Amino acid sequence: MKPYCLAPFVHLFQHSNSFDDRVCCISKVNKGDDNRADGVDHNLQAKWENKYYQDIRERMLTPGSKLPECGECIRMEKLGQHSDRLTFEDRYRKTYLEFNTTTGNQYNHPLDYDLRPGNLCNLGCRMCGPMSSTQLSKEYKKNKDEYSTLELPDTFFTMEDGCDWDYKENLDWIKENLLSGKTTRIKFLGGEPTIMPGVLALLDFMIENSLTRTPLMFTTNCTNENRRFVDKISRFTDVYFHFSIDGIGKTLEYIRHPAHWNKIEENINKLCSINSNWLAPMCNTTIQAYNIHHLKDYVYWLKKLNDLRWVQLNTVLVDYPGHMSYKVLPIEYRNCYIVDLINDPIMEWDIIKQSNLRANLKTILNDKTVEDTDKFIKHTKIFDKIRKQDIKNYIPELVDIIS
């Protein structure tokens with residue numbers, strides 16, 4: 001029987017410091033489930049076979065089962081958009097798979113990996129946290145008295161930087177699985193994976209063992225020119241990039257401190273100009289309180305970028321942390337920008353029609369929720385004070401709301 005979603009049978013998602021058993025990056029944790037992992041927190045093979053994974057696989061194979069983990073894909077499909085669930089279906093359409101609840105498939109290991117091997121990062125994005133950024137980790141600890149007024153989790157001030165799953169047993173298991181020749185994709189995020197020693201070491205292993213036909217995907221903030229990294233990935237036949245940017249110009253610099261837009265744009269143009277068949281990029285963009293006013297300009301910039309190379313678009317609505325969501329903004333404020341973009345001719349451009357942008361814009365337009373505005377204002381002012389920024393110099397459209 002074909003499961004509702006293939007992810008729990010073929011895909012392993014693992015964050016740097018999180019063992020919450022999510023079966024993919026957009027799934028939710030079913031916290032009320034009695035079958036959650038117990039005592040196997042740091043062993044990836046044990047996680048792959050634990051009671052929670054077995055339970056969700058069984059539910060995926062049972063027609064009509066409740067799947068609280070899958071809310072985001074269900075939402076996207078109701079809006080007529082291509083969900084991650086359907087992407088997995090497309091990816092394995094021509095692959096013969098034998099499904100089982102214990103080890104997922106006939107090979108008894110994941111075929112597809114989403115790995116975040118640490119929080120090493122050179123940016124401190126406002127919607128991020130120390131779990132994914134050493135820059136933010138240092139900033140929070142240095143300014144604990146200021147940031148503690150924001151009612152942040154204690155882990156923001158106490159967590160150790162690094163990765164708590166990349167020890168020998170886990171890495172040996174992943175390498176053994178790769179040597180089977182059945183891996184269909186490895187996706188790297190961070191932090192910033194292009195500067196992570198662990199990522200470079202795994203690439204070296206794959207090169208040394210003639211695994212260079214394994215498709216790779218990297219999500220990068222485009223701030224670095226890492227020659228060693230480019231030299232390594234040029235040995236692979238299929239490499240894909242997600243450019244993680246949330247705007248252009250001053251908007252991006254405000255959100256992704258201490259980034260410089262001119263340098264990011266220069267690096268993106270260099271990557272897009274490479275005369276190689278291994279680059280198939282996508283802009284991966286969060287939609288949040290700080291960039292709603294700027295989405296139209298961003299889309300037109302993307303259209304210009306497509307003169308260099310075909311670059312797709314994926315958008316994600318920020319819902320955590322809640323004080324960064326579009327929901328903190330007055331309905332009239334956010335809707336005027338959303339309606340203007342929806343009615344713009346750019347929405348008929350093929351890249352946009354193939355993306356989920358319209359669906360996410362409609363979600364915002366149909367949502368009458370306004371919440372956490374006070375938190376948004378407080379966060380903005382404290383970040384501005386610590387970073388010696390002033391929102392009026394970056395996003396003047398928000399000044400009246402902040403003040």
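Trainee: What makes S1 and strand S2 (residues 112-115) a pair?

Mentor: Two strands pair if DSSP finds at least two bridges between them. S1 and S2 have four bridges, in the parallel sense, so they pair. Strands here are DSSP runs (E, at least two residues), and helices are runs of H or I with at least four, numbered from the N terminus. This is a predicted model: local features need pLDDT of at least 70, side-chain atom pairs count only at pLDDT 80 or more, and totals for chains, interfaces and linings use all residues. Residues are numbered from 1 along each chain as its sequence is written, and side-chain values use heavy atoms, without hydrogens and water.

Trainee: What makes the set with Phe 218, Cys 283, Trp 301 and Leu 398 a nonpolar core?

Mentor: A nonpolar core is a set of buried (under 20% relative accessible area, 1.4 Å probe, protein chains only) Ala, Val, Leu, Ile, Met, Phe, Trp, Tyr and Cys residues joined through side-chain atoms within 4.5 Å. The largest has 101 residues, and those four have the most contacts inside it. Helix H10 (residues 197-208) gives the most to this core, seven residues. Another core, of ten residues, lies apart from it and includes Tyr 140 and Phe 383.

How values were computed. Buried < 20%, exposed > 50% of the residue type's maximum accessible area, 1.4 Å probe, protein only.
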